[in-house]
Amino acid sequence: MLRLLFILPLFFLATDKAVPVKLVYHIDDKSQLFLTGTTSVNDFSCDCKDKFQPAVLEGEINPANRQLSFKNAKLSIKTKLLSCKNNLMNRDMHKALKADEHPYIFVDIVNATPLHNEKELQTGRQYSYNVVTVIHIAGIAKAQLIQVKMQRIKDHYYKLTAEKQIKMSEYDIKPRTPFNIIKIDDTITIHFELLVDADK
């Protein structure tokens, strides 16, 4: 999802008209997406084992504020491919996320705005963006603002990182643990470290 921001500097033009953009991208298998949280006993981490297929991104840039609005930009994550490395915990988490009824977690990318004035990204430097998303979990959709940091590694190859805290109660998620003995904190953090190969 957050991997798509590099098209802002790539397509920024000095014009007063909206600029359409189209981009083919692929997320490298070395990318990481995981959740972290805490319980009354210890911390936990759940990895995403899903793989992302090459896709085409379309959107439109507003030259006045350099904001990029996306068209049908969606990241889908198969719920049952989230793994906490514990079968009992996996089972309870998938049940809490209503995985049978809602097999995917969806992230819609609405728009992205750069927090820098660069027209071309310099290799090795890190740049920040505000990204407006709508995250769908267990059938409930909530708007979420995420700050993304992006680094250009080499031509057409980028690293994007972000963290976002959300409250499970916002999505009507009632986490369980084996025998309901351990208390799970309501706040979890979603971590992204995405390596993206992109071509105009």
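This is a predicted model: local features need pLDDT of at least 70, side-chain atom pairs count only at pLDDT 80 or more; totals for chains, interfaces and linings use all residues.
1. The disulfide. A search of the whole structure turns up one disulfide, and the residues that form it are cysteine 46 and cysteine 84, whose sulfur atoms are 1.9 Å apart. Because cysteine 46 belongs to strand β3 (residues 43-48) while cysteine 84 is found in the loop between β7 (82-83) and α2 (87-96), the pair ties together parts that are 38 residues apart in sequence. A disulfide is, in general, a covalent bond between the sulfur atoms of two cysteines.

2. Its handedness and surroundings. The angle about the S-S bond is 90°, and the link of cysteine 46 and cysteine 84 is right-handed. Cysteine 46 and cysteine 84 are both buried. A further cysteine to note is cysteine 48, which has a relative accessibility of 14% and therefore counts as buried, since buried means under 20%.

3. Helix α2. At the start of this helix, a side-chain oxygen of asparagine 86 comes to within 3.0 Å of the backbone nitrogen of leucine 88. Asn90, Asp92, Met93, His94 and Ala96 are the buried residues of α2, and the buried residues of this helix pack against β3 and β7. After α2 comes lysine 98, which has a positive phi, near 55°.

4. The aromatic pair. The count of aromatic pairs comes to one, and the pair is made by tyrosine 104 and phenylalanine 106, with 5.9 Å from centre to centre and 25° between the planes. The pair is described as stacked because its angle falls in the class of planes under 30 degrees apart.

5. Charges over rings. Which residue lies over the face of phenylalanine 106? Lysine 74 takes that position, at 5.0 Å from the ring centre, so that phenylalanine 106 has a lysine over its face as well as a stacked partner in tyrosine 104. Elsewhere, the charged end of lysine 154 sits over the ring of tyrosine 157, at 5.6 Å from the centre of that ring.

Key: Residues are numbered from 1 along each chain as its sequence is written. Side-chain values use heavy atoms; hydrogens and water are left out. A disulfide is a pair of cysteine sulfur atoms within 2.5 Å. Helices (H or I, at least four residues) and strands (E, at least two) are DSSP runs, numbered from the N terminus. Buried means under 20% relative accessible area, exposed over 50%, partly exposed in between (1.4 Å probe, protein chains only). Rings of Phe, Tyr and Trp (its six-membered ring) pair if their centres lie within 6.5 Å; planes under 30 degrees apart count as stacked, over 60 as edge-to-face and the rest as tilted. A charge sits over a ring if NZ of Lys or CZ of Arg is within 6 Å of the ring centre and within 35 degrees of the ring normal. Contact means heavy atoms within 4.5 Å. A polar contact is a pair of N or O atoms within 3.5 Å; within protein, one must be able to donate a hydrogen and the other to accept it, and residues adjacent in sequence count only if both atoms are side-chain atoms.
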